[in-house]
Amino acid sequence: MSAMSTPELIRIVSRDSPMALAQVERVRTELTALHPGIVTEVVPVKTTGDKWMGDLSLVEGKGAFTKEVDAALLAGEADLAVHCVKDVPADRPLPAGTVFAAFLKRDDIRDALIHPAGRTLDELPAGTRVGTSSVRRVAQLAASHPQLICVPMRGNANRRLEKLAAGEADALLLAAAGLERIGRSDVITEILPVDLMCPPIGAGILALQCREEDTDTIDAVSALGDRDTYKEASAERMFLHVLQGHCNSPIAGFAHAERSGGLSLRARVFTPDGKTVLNAHEWAGPLDPATLGTSVAVALLRQGARELIDSIAH
């Protein structure tokens, strides 16, 4: 790439939550290491999802966290957006005129339990109130630990930790990667294995989104991308797209790129009460990631996934 085509300034738009800003710092650090000449600045925006503390399905679901960010990018007020892939809706395409330029190397995909007295999930007594508003977590917890009670809990990770300290719940379930990003791994009591708590699609992946025609920025940031993460994200997002899952959908799953070059995808669809759990697990072999995602979605549709997903209000 010639020096001339490297942009001098890259403006990064971000939600103004501590987590989002921590994610931007990671991107700035990696970008500066790669292109010492580029100056970056942050354009913070407040999103509907951050302002709204009620049920997400009442404010356009997941798009609630991305709409204002997309608008700033499209209006030319910023050149680059950093998204958690799990927050980007897969049941509709990216906003016209924008493209993912890179998927960063994946962080931990697992969920973490936070219990003030240091108890593990199996040690929690019956009736313990676990704070989470995630259909995915509620359903799987109901399946594995029906004696526990889930209480609704929204807000960023710091806010949820405050609510826990204030006694609004006895324990919390949060993403391990998120706690690490905001420097709060110290509160983690137990990291839950994926077979107990299957992660959301796109867990632990940061994606960089640019305007389609902004080839200078795309060229500058694409080298931050990780090939394995690209494969995993592509398989997972195609899977979610075929299922037409929305933010309240009881869907979980993750792809894994093996060192040998193989790619697998395991996924689950469940009823919110955890009584019905549909499972599928396939390996790609020579298939491309999108074909693998489609294949796993079809396997779950054959088991009745459509009815389960459509029975949930959104």
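Reader: Which strands does helix α7 lie across, and at what angle does it run to β4?
Author: Keep in mind that this is a predicted model. Helix α7 covers residues 215–222 and lies across β1, β3, β4 and β10. Its direction relative to β4 is about 20°.

Reader: What is the strand order of the open sheet of five strands?
Author: The pairing in this sheet is mixed. β2 (39–45) and β4 (98–103) stand at the edges with a single partner strand each, so one side of each has no neighbour in the sheet. From one strand to the next, the twist averages 30°. Read across, the order is β2-β1-β3-β10-β4.

Reader: Do β1 and β2 pair in the parallel or antiparallel sense, and over how many bridges?
Author: Strand β1 takes in residues 9–15. As a landmark, Arg15 stands opposite Val45 in β2. The two strands pair in the parallel sense, over seven bridges.

Reader: What angle does the direction of helix α1 make with that of β1?
Author: Helix α1 (residues 18–34) packs on this sheet too, touching β1, β2, β3 (80–84) and β10 (206–211). Its direction makes an angle with that of β1 of about 160°.

Reader: Which strands stand at the edges of the open sheet of three strands?
Author: The order here is β11-β12-β13, and the pairing is antiparallel. Two of these strands have a single partner each, so one side of each is left without a neighbour in the sheet. Those edge strands are β11 (251–257) and β13 (277–283).

Reader: How many bridges join β11 and β12?
Author: β12 spans residues 263–270 and pairs with β11 in the antiparallel sense. Within this pairing, Gly253 stands opposite Ala267 in β12. The number of bridges is seven.

Reader: What angle does helix α8 make with β11?
Author: Helix α4 (residues 135–144) packs on the sheet and touches β11 and β12, with its direction at about 80° to that of β12. Helix α8 (residues 227–243) also touches β11 and β12. Its direction makes an angle with that of β11 of about 150°.

Reader: Is Cys198 buried or exposed?
Author: Cys150 has 27% relative accessibility, so it counts as partly exposed. For Cys198 the value is 1%. Buried means under 20%, so Cys198 counts as buried.

Key
Residues numbered from 1 in each chain as written. Predicted model: local features only at pLDDT ≥ 70, side-chain atom pairs only at ≥ 80, totals over all residues. Heavy atoms only, no water. Pairing = 2+ DSSP bridges. Helix = DSSP H or I, 4+ residues; strand = E, 2+ residues; numbered from the N terminus. Contact = heavy atoms within 4.5 Å. Axes fitted to C-alpha atoms, helices over the stretch in contact; angles between N-to-C directions. Buried < 20%, exposed > 50% of the residue type's maximum accessible area, 1.4 Å probe, protein only.
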